[in-house]
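Hi,

Here is the structure I promised to pass on to you. Have a look at it first, and then read on for what turned up.

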Amino acid sequence: MTRTLALLTASLLLAGCQSLSSTPDGTPPVEDTAASSTKPAAKQYASFSEETLYALLTAELAGQRDRFDIALGNYVQQANATQDAGVAERAFRIAEYLGAEQAALDTSLIWSDNAPDNLDAQRAAAIQLARAGRYDESMAHMEKVLQGQGDTHFDFLALSAAETDPDTRAGLLQSFDRLLQKYPENGQLLFGKALLLHQDGRPEEALALLEAHQASEEQIPPLLLRARLLQGLNRGEDALPLLEKGIERFPDDKRLRLAYARQLVELRRLDDAKREFSGLVQQFPDDDDLRYSLALVCLEAQAWDEAAVHLEELVARNAHTDAAHFNLGRLYEQREDRESALIEYGLVGPGDDFLPAQVRQTEILFDSERAAEASNRLARARDSQPDYAIQLYLIESEALANRQRLDESWQVIDQGLQQFPGDTNLLYTRAMLAEKRGDLAGLERDLRNIIKREPDNATALNALGYTLADRTTRYDEAKGLIERAHQLNPEDPATLDSMGWVNYRLGNLDDAERYLRAALAKYPDHEVAAHLGEVLWAQGKQREARKVWAAALKDQPDSSILRSTITRLTGSEKL
């Protein structure tokens, strides 16, 4: 069969179009001459006009020839003209297949209006209305489905409202409450309302709603949501018995068993998680996603031999192949078999794991004093995978810079910029290298080039502003740049740190402390701690400054920034 809509091949018209008679193969009936002598051969078109019949026949033929635009246009036109439920359903199915949203909405409403007892029609209208943001009307149609004891999609209504405004969500919640008064133990309604509360940032209320009703233990969707809410509220231990009860009731449900296994992983009960995933793989041997999850759990549990078996099996099955090779590389690194790790990383193709594999391969070679080989491999990778060329230049440059081979790192970035002139990432990296080389003019030149191209590049604005505040006396200019970055990205810890530091340079100690405390709360970094301690020291809060530094030193005892700040201000390396 050619690529045609399945719904267009079953018959000439929908069975619901009772006004048109047809033979089983969909062709118009042929008059039987023998029978014509005993009974009339009058053709009955009922309410369909010849014009309508011709339009529908044309639509069917167009569908068989992949001209779905004609098929859809004719069916939509005739659905509006005839208000026939069967024609409207066919029009809706075509529109849904083609992703024609407005046509799907319009025809679903015609279908539901003319087939008020058809649960599929009411459900289709509800979903299309929800997609269009018409939630009150959607709820009215879904209630009809509920009354008819059909499968509803209140979860879809809740999910579709996730990105709407608070007033819309509040109105939808009221609609859920109204229906829950009529159907207090309906699991689908409870699930939908709990989802909406969760999306509204009210997980405690969502959990309380589910815990108050038995349906959350007797129906799978609310049970799974309840478990997820418990985990999100750091009550993962409470989720386990709930999921265990669910598995007792529904022993063959993959979703419950998978949720249980994942919860065990979250709680770091890795041996138990291994057993669960092993059982799932045995129950669903063709599910390679489960096999991959089992391999990852084995890696987490440092069960290297088991992990290797599952990863090699994935490669043999040609499933998750790149991820399997990447994780085999990790495994061989743990076994200190660098050559095998290099082989596995080299087998990772384009995709999510390609660049991480290149990073690990490069690090292994540099650590083995095989820098030239690393550079050659990266050059070959740039030739074979040009879409990753910029990232591969950055990987090589960073590996060199981390080993204080700054001139070589600079040359790699220059080579990249010759191939990709003006690339923001390469320019930014060169600017950071310029700072390490003491070339502030070069740093400023590259960052201003970025800002000229991208005036709203908050990262470049902040980097230039911080450098001017830290390494020059151009404080007012620095503050202007940092404030622009802060307006663009007000929650960024690096920008908050810069705001604190430039205010410190300008003598605004209270503002400096406020910004630096906010930065440290969001990102407990040793450099931020050094800055905050210095501001506190300048305010006469020496004891508090020492506490900040001491806490940071526990996390990063080798921080040269912390050590130099402490020595400079206290006269001693020790606190």
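Helices α22 and α24 are roughly parallel to each other, because the angle between them is about 10° and anything under 35 degrees counts as roughly parallel. Please keep in mind that this is a predicted model.

The axes of α22 and α24 (residues 424–436) are 10 Å apart, and α22 passes α24 in a left-handed crossing. On the α22 side, the residues in the contact are I390, Y393, L394, S397 and A401, and they meet N425, L426, T429, L433 and K436 of α24. Sorted by type, the residues of this contact come out as six nonpolar, three polar and one charged.

Q404 sits in the loop between α22 (389–402) and α23 (406–419), and its phi is near 60°, a positive value in a residue other than glycine. As background, most residues other than glycine have a negative phi. Is Q404 buried or exposed? With a relative accessible area of 61%, Q404 is exposed, since the cut-off for that label is over 50%.

The relative accessibility of Q302 is 56%, so Q302 counts as exposed.

Beyond its neighbours within four places in sequence, A371 is in contact with L365, F366 and R405. A371 and A399 are 28 residues apart along the chain, and their C-alpha atoms are separated by 9.3 Å.

Which backbone atoms does the side chain of T472 reach? One is the backbone oxygen of L468, at 2.5 Å, and another is the backbone nitrogen of R474, at 3.1 Å. If neighbours within four places in sequence are left aside, T472 is in contact with L440 and T467.

Best wishes

Key:
Residues numbered from 1 in each chain as written. Predicted model: local features only at pLDDT ≥ 70, side-chain atom pairs only at ≥ 80, totals over all residues. Heavy atoms only, no water. Polar contact = N/O pair within 3.5 Å; in protein donor to acceptor, adjacent residues only side chain to side chain. Contact = heavy atoms within 4.5 Å. Buried < 20%, exposed > 50% of the residue type's maximum accessible area, 1.4 Å probe, protein only. Helix = DSSP H or I, 4+ residues; strand = E, 2+ residues; numbered from the N terminus. Axes fitted to C-alpha atoms, helices over the stretch in contact; angles between N-to-C directions. Parallel < 35°, antiparallel > 145°, perpendicular 65-115°, else oblique. Left-handed = near helix turned anticlockwise from the far one by under 90°. Nonpolar A, V, L, I, M, F, W, Y, C, P; charged D, E, K, R; others polar.
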